[in-house]
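Visitor: I have not seen this structure before. Could you take me through some of its parts?

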Amino acid sequence: MRRLPAGGLGIDRSRTLAFTWNGAPLAGFAGDTLASALLGAGVRVLGASVSAGRPRGIMSAGLEEATGFTQVHRPPVAEPLVRTTALPLQEGLSAHGRIVRGALVAARDTARFDRRYAHCDLLVVGGGPAGLAAALEGARAGARVIVAECAPRLGGALRREARAIDGAPAEAWLAAAERELEAAPEVTVLTGTTAVMPLDQNGMWLAQRVGAGLPGAARGTVPEQRLWQVRARAIVLATGALERPLVFPDNDRPGIMLAGAARHYLRQWALAPACGVLFTAHDDAYRTALAWHEAGVPVAAVIDLRPPGDGPLRAAVRAAGVRVLDGAQVVGTDADAEGALCAVRVRAGDGTLTLETDLLATSAGHDPNLHLHLHLGGASRYEARLGTAVPAAPLPGQWLAGAVTGGWTLAEALTQGATAARAALGRSGAVMAPATDDVGEDPPGLTWQVPAPDGDESRSFVDLHRDATVAGIRRAVDAGATHVEHVKRYTLVGTGVEQGRAAKVLAAALVAERAGHPASVVGTSGSRPPVEPIPFHLVAGRAQGARFDPVRTTALHAAHQALGAVFEPAGQWLRASRYPRPGETSDDTVRREVRAVRTGVGLADVSTLGKLDVRGPDAGWVLDQLYVTPLASLPEGKARYAVLCHLDGSVLDDGVVMRTGADRYFVTTSTGHAAAVGEWMEEWLQTEWPDRRCWVTLITEQFTTVAIAGPAARTLLARVAPGLAVDRDAFPFLAVRTATVAGIADAQVARVSFSGELAFEVSVPWHDGPALWGALLAEGATLGVTPYGLDALQVLRIEKGYLIVGQDTEALTTPHDAGLGWMVPARKAFVGRRSLERDALRARGRAQLVGFRSNDPQLVVPEGAALTRAPGAPPMPIDGHVSSSRYSPTLACALGLALVRDGRARLGEVLHAPLLDGRVASVTLVDPVHYDPEGARRDGADDR
């Protein structure tokens, strides 16, 4: 193709953009796509095909493109397998031909990727005539409208057609529509935006390219990609139709493209062949012949598979003096030294002729673009007249308009678009469609393939992206793969990044023909979202680096920083790991903090523990159904350790449940499971027990909670809460009280312990946390009070055999496996109860939680290390793994917890742990409770 000296509605010839292709410097115009810029620069061959190694070029101007892919380098952007027909040209773009295989780039991608969220009354997908008619109807109704169009400009098929609406050129109607939508305050028009994935409840992902290369972008603008997540009251799918190619020998050469694409390149980018040939089974190709003729481009011939017809388009082409060969076939093509098309061999009547040409434009008709409709489970039906599938019915909350319905005329598009929008918005009244210049067409021919004269169908390509041929499809069917999905996997038709968009209907027709089945029965192979490939960067958006996950800090974060704390993430929280003093190693710090809790008193910020307020007359009943532990019978002012199970009987979470009123419970969860437990409760309340009067509120961030632990904990609490009786009888284990603490009224104090020592957990309103912490440090100074972090807390809880769900349990761990079988009541009903009674969950060989001690007291076995009873050469049987492991300064040895097959039946057994440095550590299985198995220390000294 060549660039004509004039014309090109989509380009700005006053702005030249420099780019490189495979390292060679080239230039195009503002408004070009990379595909049009390459064609305008004389680049015909983009690369070699995936398996056959044959030259390939550009075969379309839009989403049908099967071979025109590139690896893009736009510093700082590096993106593989980008469709050249959808990529706006920009200054400095560097691209390399990549037909199928992309290449990973080691450099960090620092381009801008963003996410947007929007709600609207009407989402219109497609900015062609049907979509514009729908958007205009919505705008005039004052509705919130979002229009998503994959091309850089609105208009769709109107951009490639010389059509008339209401007696004036369609360009005038289009310009007026654009102005009206731009002026409408509630309308958002997103060009360069592809609807890539439909979501439930009328949601849609829209992938947008903004910045350089798009209309109105200033020179030097940094490109950006945005992922819009839109939720709409109603959706109008005006996604149009995709042109279908013809299959014939050597139909894959660069220089063979779709007829509609050739017309699009002419009108939008002033690109035309030196001499063109058309091969068609559909009247639409005649529009391309007329457009070329009017632009002064020689047309060697129109080769029509169908018998002679008298339709107005065919008559107009003949009247223009263009040669039309009815009932003829293209039976082969020739290539030049580069591998690009140079001639077409035609069989007409009893003879064969050769036509020299640099462009063969083909058309076998159109297929409605149903991907979004089908991805949500929408139904389709076979339309024999068109030889393709059309939608059977729209989905609830969605409407279809235009060519996606199988209606090809401009009048149908405009009428259906406006009608769909009216119905979607609940408006009544007839639609007054504008007058159009539609003309009648001869029926399309349903010829899918021209047989090779020599019988060799290995050069008749069905899927250009995957090099799938007619011969391959026939071989698949002959091997017994008569279902299109089996043929897809046998031949790889439709498995590329473009998912066989231009090949699926052809492949299905060839399967039906070979298998002797009706095309309506065979159907077409499916596709998966996203409709277009999108980079992972776009899905992540700005959630990279420090923005990857929200960082949550407690109200005491500044106080921890002032004490020199070292922090570590726990879930999304940043928790104090330890409080080092000058000259201490990390081990020194942890051992000091552990000793302080075991011998004196320590303070820990445990605000990150999940907290739920569960209240209502049926709150006790609901908790009783969800938790293994009986909770409806829990007295006010008391607490119980409770375990929550999945439906399959596995442990979901554990925590302490406190009854703070007749109809009110304060439920704690592990740090990482607060949201999951809240959602679990809501799911049961909303789906199974909607009539129960119970309300669940997540209140983790409403409270600061400080644990006071150690033999001197009672003394310290008495100093800051002088009005609270804290002796053992007045405040027993698992009691809950309300008192004034450090001058803070209505503080909640619970006698619970995660260290095995005498301990209290004090919860106050979030903003009062610093005052509570400061008072405890000040009043505890004479007691040697010591803040301790997560590292020391791990040592303390491992010494006592206290588990952490998710660390010391697996996906299938049951309460019995975790050593919590004593908590499972004999008769009480709860979620997961029936599963726990299955023999399989009590069978031998299950992984059980046990303790272990390292036989080398100083060797801490890494967490996650495999444990085996038979070390040696591989394959080594794995009998368990280490779940928690620390050095205990209290017991002067390395110890931990592990999940081991039949572990509790084998206490005293020695297991082995191969380490990464080649050593093999040995451990002895022991009871999980390493320290104070009688639990005497939890009540502290007898100071009654």
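This is a predicted model: local features need pLDDT of at least 70, side-chain atom pairs count only at pLDDT 80 or more; totals for chains, interfaces and linings use all residues.

Visitor: Are α2 and α3 roughly parallel or oblique to each other?
Guide: Angles under 35 degrees count as roughly parallel. The two axes cross at roughly 40°, and α2 passes α3 in a left-handed crossing. The pair α2 and α3 is therefore oblique.

Visitor: Which residues of α3 meet α2?
Guide: On the α2 side, the residues involved are Pro129, Leu132, Ala135, Leu136, Ala139 and Arg140. Facing them in α3 are Trp173, Leu174, Ala177, Glu180 and Leu181.

Visitor: How are α4 and α5 oriented, roughly parallel or oblique?
Guide: Helix α4 (residues 259-269) packs with helix α5 (residues 284-294) at an angle of about 30°, and their axes are 8 Å apart. Angles under 35 degrees count as roughly parallel. The orientation of α4 to α5 is therefore roughly parallel.

Visitor: Which residues of α5 make the contact with α4?
Guide: The crossing of these two helices, α4 and α5, is left-handed. From α4, the contact uses Ala259, Gly260, Ala262, Arg263 and Leu266. From α5 come Asp284, Ala285, Arg287, Thr288, Ala291 and Trp292.

Visitor: Which residues touch the most other members of the largest nonpolar core?
Guide: That core holds 56 residues. The members that touch the most others are Leu34, Tyr265, Leu278 and Trp292.

Visitor: Is threonine 33 buried or exposed?
Guide: Threonine 33 sits in the loop between β3 (24-30) and α1 (34-40). Leaving out residues up to four places away in sequence, threonine 33 touches Thr84, Thr85, Leu87, Pro88, Leu89 and Trp269. Buried means under 20% relative accessible area. Threonine 33 has 4%, so this residue is buried.

Visitor: Is proline 569 buried or exposed?
Guide: Proline 569 belongs to strand β33 (residues 566-570). Exposed means over 50% relative accessible area. At 63%, proline 569 is therefore exposed.

Visitor: Which strands stand at the edges of the open sheet that contains β47 and β50?
Guide: Six strands make up this open sheet, in the order β47-β48-β49-β46-β51-β50, with antiparallel pairing. An edge strand has a single partner, so one side of each is left without a neighbour in the sheet. The edge strands are β47 (866-867) and β50 (910-914).

Visitor: What is the bridge partner of serine 854 in β51?
Guide: Strand β46 (residues 847-854) and strand β51 (residues 920-926) run antiparallel and are joined by four bridges. For serine 854, the bridge partner in β51 is valine 923.

Visitor: Which helix lies across β48 and β49?
Guide: The strands concerned are β48 (880-888) and β49 (893-901). The helix runs at about 110° to β48 and spans residues 790-799. Its name is α20.

Visitor: Is aspartate 902 buried or exposed?
Guide: Aspartate 902 is in the loop between β49 and β50. Not counting residues up to four places away in sequence, aspartate 902 touches Arg844, Gly845, Arg846, Gln848 and Arg869. With a relative accessible area of 11%, aspartate 902 is buried.

Conventions:
Residues are numbered from 1 along each chain as its sequence is written. Side-chain values use heavy atoms; hydrogens and water are left out. Buried means under 20% relative accessible area, exposed over 50%, partly exposed in between (1.4 Å probe, protein chains only). Two strands pair if DSSP finds at least two bridges between them. Contact means heavy atoms within 4.5 Å. Axes are lines fitted to C-alpha atoms, for helices over the stretch in contact, and angles run from 0 to 180 degrees between N-to-C directions. A nonpolar core is a set of buried Ala, Val, Leu, Ile, Met, Phe, Trp, Tyr and Cys residues joined through side-chain atoms within 4.5 Å. Angles under 35 degrees count as roughly parallel, over 145 as roughly antiparallel, 65 to 115 as roughly perpendicular and the rest as oblique. A crossing is left-handed if the near helix is turned anticlockwise from the far one by less than a right angle, and right-handed if clockwise.
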